[in-house]
Amino acid sequence: MRSLVVFSVLLLSGCGAGGGGAPGPASSFLALRANLDDPDAYGLYLCGADGSHLRRASGPLGLLYGVDDHHFSPDRTRIAYTDDQEVGDEKDLYVLDLPSGAPQKLTGPHQAGQYVSTIRWSPDGSQLLIYGDLEGDATYALYVVSAAG
């Protein structure tokens, strides 16, 4: 029997109108980090509040562990998350636009050894504060990046 691990579930109300990001015509839906497609790699999934229209929203599964730290923007229209899509165990920063359903990579080009550990939104949602090693030199620091890419 296959086990399922769900690390976080957030209910969003009044967001989306059933477009690419929202899983259906309802304006309430769930966002969850889980290992639905691979027991060892976690993805970011969206579904209707009733569990319908489940889909992976984070793009291809990561190479090693997948989606890690993730946070909703203050206006609840975007989700920032870390993922290891390019190199296993080396995390990049992505932002998923919920209305369109399109993820965008904000860190890059990827540096060997790069790791984004922790992310937080600015109060107005225009920037992200990240803690990590963007240079790949094993030196962790705080960085401020534009949420627009």
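**Strands and a salt bridge**

Q: Over how many bridges do strand S7 and strand S8 pair?
A: Keep in mind that this is a predicted model. Strand S7 covers residues 90-97 and strand S8 covers residues 102-105. They pair in the antiparallel sense, and the number of bridges is four.

Q: Which residue takes a positive phi in the hairpin of S7 and S8?
A: Look at the turn: this hairpin has four residues between the strands. A positive phi near 80° turns up there, at Gly101.

Q: Which residue forms a salt bridge with Asp92?
A: The structure holds one salt bridge. Asp92 sits in strand S7, and its partner is in strand S8, 13 residues apart. The closest N and O atoms are 3.9 Å apart, which counts because the cut-off is within 4 Å. That partner is Lys105.

Q: Is Asp92 buried or exposed?
A: Buried means under 20% relative accessible area. Asp92 has a relative accessible area of 0%, so Asp92 falls under that limit. Lys105, by contrast, is partly exposed at 25%. For Asp92, then, the word is buried.

Q: In what order do the three strands of the open sheet come?
A: The edge strands are S9 (115-121) and S11 (141-146), as each pairs on one side only. Six bridges join S9 to strand S10, residues 127-133, and these two run antiparallel. Put together, the order is S9-S10-S11.

Technical notes: Residues numbered from 1 in each chain as written. Predicted model: local features only at pLDDT ≥ 70, side-chain atom pairs only at ≥ 80, totals over all residues. Heavy atoms only, no water. Pairing = 2+ DSSP bridges. Salt bridge = Lys/Arg side-chain N within 4 Å of Asp/Glu carboxyl O. Buried < 20%, exposed > 50% of the residue type's maximum accessible area, 1.4 Å probe, protein only.
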